Amino acid sequence: MKVYSLVGKSGTGKSYQAMSLCGRKDIPAIIDDGLFIYESRILQGQSAKRQTTKIGAIKTALFTDEEHRQTVAKKIKEINPDKILILGTSTGMVNKIAERLELPEIEERIFIEDITTEAQRTAARKQRVELGKHVIPAPAGQLKTDFSGYFLHPIRMIRGFGFGTKENIQERSVVRPTYSYLGEFFISDKVVNDIVYYLGEKNEGVHSIVRVLTQNTKTGIGLTVTVNMNYGNQVMECARELQREITEHVAYMTAFNIHSVDVEVKGLV
């Protein structure tokens, strides 16, 4: 396994540049902020960007938690990529990560100054400092469970215009971490309930929404919706349509990961 490292100060665009660098050097695997990403899929780890403090984020990125370290190291051995890129803010940090994950010595060291201009680094710093935005080198769909309730902004980079290229589309995602100085937001259960009640009014087969129960978990929310249906309609079809609409619209409007929507038909009116 050939190990690469990409080193740069916080907010200089390492995660954003990582995908392009991996494309140029044909590197399939990345270690970034506590995550093991392989071929644009998060296979193992915890994101440092989910931590509530900067100290907690640093500890996660360095794999100081033994269980976290073991699960990621085991998954890397299982996949056994021929090349892997480690991202870090210093040479010492990437060395420590390689050591803790039981990886071979770093063969090629790349610094953010080698692959970006001063203007690019300034722009990246502005995104971090003024807007609190962080990039994760993985598609938004891969992060949905980990970042349920966070507004994920996908960035698609289409590279090359010919046939035969191995990977024409590279996707990254932007998040604002919990520890951002910009503060945090929350979405009350009433908002979710109002969306469900509105969708019920729009569904011709639904007479009324009786109640909405919301179960919040770390990975998303589950909804149980009790309804009265209008007599003369196809009950199962209308219930499935309502289920689909709730899943789609609540996820879109709140950024929550919806892991279940149960529709219970109480009666016919």
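Predicted model: local features only at pLDDT ≥ 70, side-chain atom pairs only at ≥ 80, totals over all residues.
**Helix packing and local backbone features**

Val-192, Ile-195, Val-196, Leu-199 and Gly-200 of helix H8 are in contact with Leu-242, Glu-245, Ile-246, His-249, Val-250, Met-253 and Thr-254 of helix H9. Two packed helices are described by the angle between their axes and the distance between the axes. For H8, which spans residues 189–202, and H9, which spans residues 235–254, the axes come within 10 Å and cross at roughly 140 degrees. Because angles over 145 degrees count as roughly antiparallel and those from 65 to 115 degrees as roughly perpendicular, H8 and H9 are therefore classed as oblique to each other. The crossing of these two helices is right-handed.

The protein as a whole contains nine helices and 12 strands, and 43% of its 269 residues are buried. Of the contacts between residues at least 6 apart in sequence, 68% join residues that are at least 24 apart. The accessible surface of the protein amounts to about 14700 Å², and carbon and sulfur atoms account for 51% of this area.

Helix H2, formed by residues 54–61, has Gly-56, Ala-57, Thr-60 and Ala-61 among its residues, and these four are buried. They lie on the same side of H2, because the arc that they cover around the axis is only 135 degrees. The cover over the buried residues of H2 includes helix H3, at residues 66–79, and helix H4, at residues 91–100. After H2 comes Phe-63, whose phi is positive, with a value near 60 degrees.

Helix H3, which contributes to the cover of H2, also contains Lys-75. The relative accessible area of Lys-75 is 19%, and the residue is therefore counted as buried, the cut-off for this class being under 20%. When residues up to four places away in sequence are not counted, Lys-75 touches Phe-36, Leu-43 and Gln-44.

Positive phi values also occur in loop residues. Asp-26, which is not a glycine, has a positive phi of about 55 degrees, and its position is in the loop between helix H1 (14–25) and strand E2 (29–32). With a relative accessibility of 42%, Asp-26 is classed as partly exposed. Glu-102, likewise a residue other than glycine, has a positive phi near 60 degrees and is placed in the loop between H4 and strand E6 (106–111). The relative accessible area of Glu-102 is 44%, and this residue is therefore also classed as partly exposed.

A further loop, between strand E11 (220–229) and H9, holds Tyr-231. The relative accessibility of Tyr-231 is 65%, so that this residue counts as exposed, for which the cut-off is over 50%. With neighbours within four places in sequence left aside, Tyr-231 is in contact with Leu-268 and Val-269. Tyr-231 and His-207 are separated by 24 residues in sequence, and the distance between their C-alpha atoms is 8.7 Å.

Terms used:
Residues numbered from 1 in each chain as written. Heavy atoms only, no water. Buried < 20%, exposed > 50% of the residue type's maximum accessible area, 1.4 Å probe, protein only. Arc of directions from axis to C-beta. Contact = heavy atoms within 4.5 Å. Areas by Shrake-Rupley, 256 points an atom, 1.4 Å probe, with all protein chains shown as cover. Axes fitted to C-alpha atoms, helices over the stretch in contact; angles between N-to-C directions. Parallel < 35°, antiparallel > 145°, perpendicular 65-115°, else oblique. Left-handed = near helix turned anticlockwise from the far one by under 90°.
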